[in-house]
Amino acid sequence: MIRQYELVDMMKAYDPDVNEDLVNRAYVFAMKAHGSQKRASGDPYFSHPLEVAGILTEIKMDAPTICTALLHDTVEDTEATLEDIRKLFGVEIEKLVDGVTKLSQIKFQSAQEKQAENFRKLILAMSEDIRVLLVKLADRLHNMRTLQHVKPEKQKRIALETIEIYVPLAERIGVHKIKEEMEDIAFGILNAEARDSITTRLNFLRAEGGEAVVGRILDELRAKLAEAGLRAEVKGREKTRHSIWKKMQRKNIAFEQLSDIMAFRIFVPDVTECYHALGVIHGLYPTVPGRFKDYISLPKPNGYRSLHTTVIGPENHRIEIQIRTPEMHEESELGVAAHWIYKDGTAKHDQTSGKQMRWLRELMDIVDQAQKPEEFLENTKLELFQDQVFCFTPTGDLISLPRGATPVDFAYAVHSELGDKTVGAKVNGRITPLSTALHNGDQVEITTAKNQTPSPQWERFVVTGKAKARIRRFVRQQQRDQYMSLGRGMLQKVFKQEGHDLIDRNITQDICRHFKTENAEDLFTGIGSGHISAREVFYAVHPEERIKDNPPVEPQIALTEKKTHQKGKSAPMPIKGLIPGMALHYARCCHPLPGDRIVGIVTTGKGVTIHTIDCETLESFADTPERWLEVSWEEGEDTPESHVGRLLITISNKPGALASLSTVIGKNGGNITNLKITNRALDFWDMIIDVYVRDNKHLNDIIATLRGTPEISDVSRARSR
Ligand code: MN
């Protein structure tokens, strides 16, 4: 059993200014509280919290965490109360102990994979502080170490729970050291035969001279790296039995090669030397294709960094090599715990190094940025996650979002670029509207398109600031671009009417200043938005024309502007995303209807033409993206005006066929406004029919009914000229 002074000494080794008094008091309190209680092994119960504290010193945790470990079972199993803890140790430790106690009360129910994931999520959400989770993991590890003393059925249940819940949690927060040991013990309980056979085989391979081979490989690697001038340390490491087993299951093979059981690690002082060492290794030995992984430039989601490669190494042995710095190694062993660094005797969260676990970084975004880094540890409150949802990327990366967040928020949280290019989403494998609120544990897959841009509509349902800001900025920029191109077009038109060409150098600094604008772009924007008269700008460039035009003809542009203004007031635009008053046309190729996904194409001097997003005509605008305008229908706006939908119909050449056609359309509330026969064959006629309808749903209803009409052999919506 660890003695009191030993525990304090272990802590002093990494935190010289540790609050000894606090730890000592917790030690004594827990020892007294547990009194003569015994564990299943017959050991005094107190040995358990003490060992848990010991495990946590190995990952260099701070004094409140160690105290929590010592006290973690007192409230649950002894007379002690939370009030006692608060009075004696303060609110911080009280909360930590309370957190661990609550975690111990949740019961793992089902072994279903989906359930296990939810359970892990629940544990994350219930851990009000990351330290609660670390104490819980250390608690579980010690219980695993002493599991042989409980009944076999209970052993199995606990081992299963460990492998399903706690091992993945430890992995997710990167505490490799705890993860591997828990996993190995659980493996022995759940599949003793497999583990034994692997142990036997390992012993056999060692006895067969494996150890000597490993020694020679190490010698050669060390010598070669030293020759290259690298200060490298090389170590051989036997893989864990569970990882060997998993590989055997996955690949359905027996292990024979050295690379099946051993991995080699090269430690170098810094990142540059990692790549240098890699160069040396790859220069000396043939590499095994497809096995090189650069987790330094692209760390794993849990923050893991290292270079991995497999080569045909010394004596033609296939060997796996990991290259890393001691710092990377520590991070891979301790995970999230590696980021408690001790400087000036105080535990600080290493906020500046940028090496935090990905999801901790997310958390930091939530925590007020104004806070001092020293306060971060205390404020790493997972309780913030109560109003969060946790969703997973297809690769299992955990993304935390505020409650109510949608797939668009998710996409922006993963990456701004991903958000901008989003076109659709699959949640748990099912296609889902972008406005759907996500739930805890959802796996979200975002589909993107290269030419997609943020839709102003998204702003209505996104909840994260990041998404909102991105969308707004985009919309504003786009609007400005529109105004600018419109303004330039308007000015060009005035110049042309007056028999002049608009050339860039006409728009001098003086002209811009005269209209109180910074530059030509601003001037065009001002014209486009209706703040500056195009004709006035023309007169400023060609003052002589003002006299000629006397008495001045009411300029056409001014007329448009006036009309525009009035219209903007009385009738709201049926389309969102347009500058109020912009002239609007519906494309005659695709006849867009409310409910269709649409885009606007800016036609200089003519305003905007609305096309359906799948209109074939759009291809001709592919190389002028500046003319594309993100627009959508004004939802819920009761547009009394009907829209024209165009149908392509193939109908049997039979008496009465046309009558059935018009009856069906009429009965469905559609009004035929135009009909044109485009092809007359013996049996079938092709025709185009324009119908007044409310929206695309209305037209789709008509199409559906037409499809059920015997005389009609084919019907579809027009998509192009
Ligand atoms: Mn315990």
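Donors are N, O and S atoms within 2.8 Å of the metal. In this predicted model, four residues supply the protein donors of a manganese ion: H48, H72, D73 and D139. Their spacing along the sequence is H-x23-H-D-x65-D.

**The manganese site**
- The donor atoms are NE2 of H48, NE2 of H72, OD of D73 and OD of D139, and they lie 2.1 to 2.5 Å from the manganese ion.
- Distant parts of the chain are linked by the pair H48 and D139, which stand 91 residues apart.
- H48 belongs to helix α3 (residues 47–58), whereas D139 belongs to helix α8 (residues 130–145).
- Both H48 and D139 are buried.

**Packing of helices α2 and α6**
- Helix α2 (residues 20–34) packs against helix α6 (residues 82–105) at an angle of about 135 degrees, and their axes are 12 Å apart.
- Because of this angle, α2 is oblique to α6.
- The crossing of α2 past α6 is left-handed.
- From α2, the residues L22, R25, A26 and F29 meet D84, I85, L88, F89 and I93 of α6.
- Sorted by class, this contact comprises seven nonpolar residues, two charged residues and no polar ones.

**Residue N696**
- N696 is found in helix α27, which covers residues 696–707.
- With a relative accessible area of 16%, N696 counts as buried, because buried means under 20%.
- Beyond its neighbours within four places in sequence, N696 is in contact with L593, P594, G595, D596 and R717.

How values were computed. Residues numbered from 1 in each chain as written. Predicted model: local features only at pLDDT ≥ 70, side-chain atom pairs only at ≥ 80, totals over all residues. Heavy atoms only, no water. Axes fitted to C-alpha atoms, helices over the stretch in contact; angles between N-to-C directions. Helix = DSSP H or I, 4+ residues; strand = E, 2+ residues; numbered from the N terminus. Parallel < 35°, antiparallel > 145°, perpendicular 65-115°, else oblique. Left-handed = near helix turned anticlockwise from the far one by under 90°. Contact = heavy atoms within 4.5 Å. Nonpolar A, V, L, I, M, F, W, Y, C, P; charged D, E, K, R; others polar. Donors = N, O, S within 2.8 Å, 3.2 Å for Na, K, Ca; no water. Buried < 20%, exposed > 50% of the residue type's maximum accessible area, 1.4 Å probe, protein only.
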